[in-house]
Amino acid sequence: MTDTSSNQMWGGRFAAGPDAIMEAINASIGYDKRMAAQDIAGSRAHAAMLAAQGIIEHKDAEAIREGLLTVLSEIDAGEFKFSTALEDIHMNVEARLKEIIGEPAGRLHTGRSRNDQVATDFRLWVRDQLDAAEKGLIALMTALLGQAEAGADWVMPGFTHLQTAQPVTWGHHMMAYVEMFGRDLSRVRDARARMNESPLGAAALAGTGFPIDRHATAEALGFDRPMANSLDAVSARDFAIEFLSVASICAMHLSRFAEELVIWSSAQFRFVTLSDRFSTGSSIMPQKKNPDAAELIRAKIGRIFGANVALMMVMKGLPLAYSKDMQEDKEQVFDAADNWMLALAAMEGMVKDMSANVADLEAAASSGFSTATDLADWLVRETNLPFRDAHHVTGALVALAEKKGCDLPDLSLEEMQAENDKITAGIFDVLGVHNSVKSRTSYGGTAPDQVRAQVARWTEVLA
């Protein structure tokens, strides 16, 4: 009697039974074909080294190298037929190479394993993504610098707990994100430097008895050096985890900024107007202009965070060296990289195109008793009151203004002197929001001159 339970369980998807199931779970070509260019670059470097070391003949190496370029051109042109039966990008390329050049293709795999091959391909791919992230971050920071320079004098409310705290300048707020993304840029560069070692030649796990030159292949592929331990070379995926960690921190910064843009573009705030290129309308409400790009950035960040956790979970229990579990290392990284690059590009576009509503920003900056701290500081400087006493006096004046339904600058001198008789008319010099921001001249402060100095510094750094 035929056991049909497997077919019944899996239905038509695996009509051929266990063999089809195994092929489906074992194959990675559906996603690792993205590493085709890296795989071919690694193989070309390996073939050249084998010939230089006298391990294979130069004519075979040349045939291999030229044949691999043909394979790459077919892939780039969309003419290559990928086979699930051949499992992965490495075997797909090698099988097609044999069809093109014949017997010499079989010599390519001398002195290496799929273990060091995939580790090399993956490092090359991640390195390319770090380079792309560097360019994306620099473009975003440049856009922010443009906004900061334009709005170095524009006043807006600074918030704590999303409540008005003190006036700041638009430029100062933009520069806060320049600093955040600047640290992300530093992490990208650090990660790239740390992972730029070559696993190629580590073979399956123990190295090889062939007289290979790992330094030559490392140099040919742009690595700083070969990895020093063959076990580590094939089993390490911390470079991918660090990529995801760096991406996650940057994504968190992108999400915070996206959240602010969603709030700022609302009818209740009206701080910014986003361009039509990064907004959509409503299917039913004609008055709506939705900040969809910012909202999607905010949402996509979860996929990057999830990828980071997923890969750590894959790796956390694996003994050395290679385990098939590690085939699950790439999909998360590919997806996270796609969403990170998209989020960087979308945020750059929004920042370049958005318009600050200067009048609304200033009106908001002038509300909510935003210059209360300036009043307290003035009392300390001009009347020699201890700060805690000045804080108490200011609090009483805020309460009076709140009761009268006005702001602090609208109180009369007499009303202020009733609370503290040392107050003079000079108090009104600090209560305006423009005076407030101009007074914040400490290094890193919101004063326009400080903002311009930081813009100049970062412009030079990024040049």
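Predicted model: local features only at pLDDT ≥ 70, side-chain atom pairs only at ≥ 80, totals over all residues.
The side chain of Gln117 makes a polar contact with the side chain of Asp39, at 3.0 Å. Asp39 is also among the residues that Gln117 touches; leaving aside residues up to four places away in sequence, the others are Ser43, His90, His109 and Arg112.

## Packing of helices H7 and H8

Two packed helices are described by the angle between their axes and by the distance between those axes. Helix H7 spans residues 114–150 and helix H8 spans residues 170–195. Their axes come within 9 Å and cross at roughly 165 degrees. Angles over 145 degrees count as roughly antiparallel, and H7 and H8 are therefore roughly antiparallel to each other.

The crossing of H7 and H8 is left-handed. By class, the contact of H7 with H8 has 20 nonpolar residues, together with three polar and seven charged ones.

## Backbone: positive phi values

Most residues other than glycine have a negative phi. Glu87 has a phi near 75 degrees, a positive value in a residue other than glycine. Glu87 is found in the loop between helix H5 (58–76) and helix H6 (89–101). With a relative accessibility of 23%, Glu87 counts as partly exposed, since that class lies between the 20% limit for buried residues and the 50% limit for exposed ones.

His161 likewise has a positive phi, near 55 degrees, and is a residue other than glycine. His161 is found in the loop between two strands, S1 (155–160) and S2 (163–169). Is His161 buried or exposed? At 75% relative accessibility, His161 counts as exposed, because the value is over 50%.

## Backbone: a cis peptide bond

Most peptide bonds are trans. Which residues are joined by a cis peptide bond in this model? The bond in question joins Leu320 and Ala321, with omega at about 10 degrees. Ala321 is found in the loop between helix H12 (292–315) and helix H13 (330–353).

Methods:
Residues numbered from 1 in each chain as written. Heavy atoms only, no water. Axes fitted to C-alpha atoms, helices over the stretch in contact; angles between N-to-C directions. Helix = DSSP H or I, 4+ residues; strand = E, 2+ residues; numbered from the N terminus. Parallel < 35°, antiparallel > 145°, perpendicular 65-115°, else oblique. Left-handed = near helix turned anticlockwise from the far one by under 90°. Nonpolar A, V, L, I, M, F, W, Y, C, P; charged D, E, K, R; others polar. Buried < 20%, exposed > 50% of the residue type's maximum accessible area, 1.4 Å probe, protein only. Polar contact = N/O pair within 3.5 Å; in protein donor to acceptor, adjacent residues only side chain to side chain. Contact = heavy atoms within 4.5 Å.
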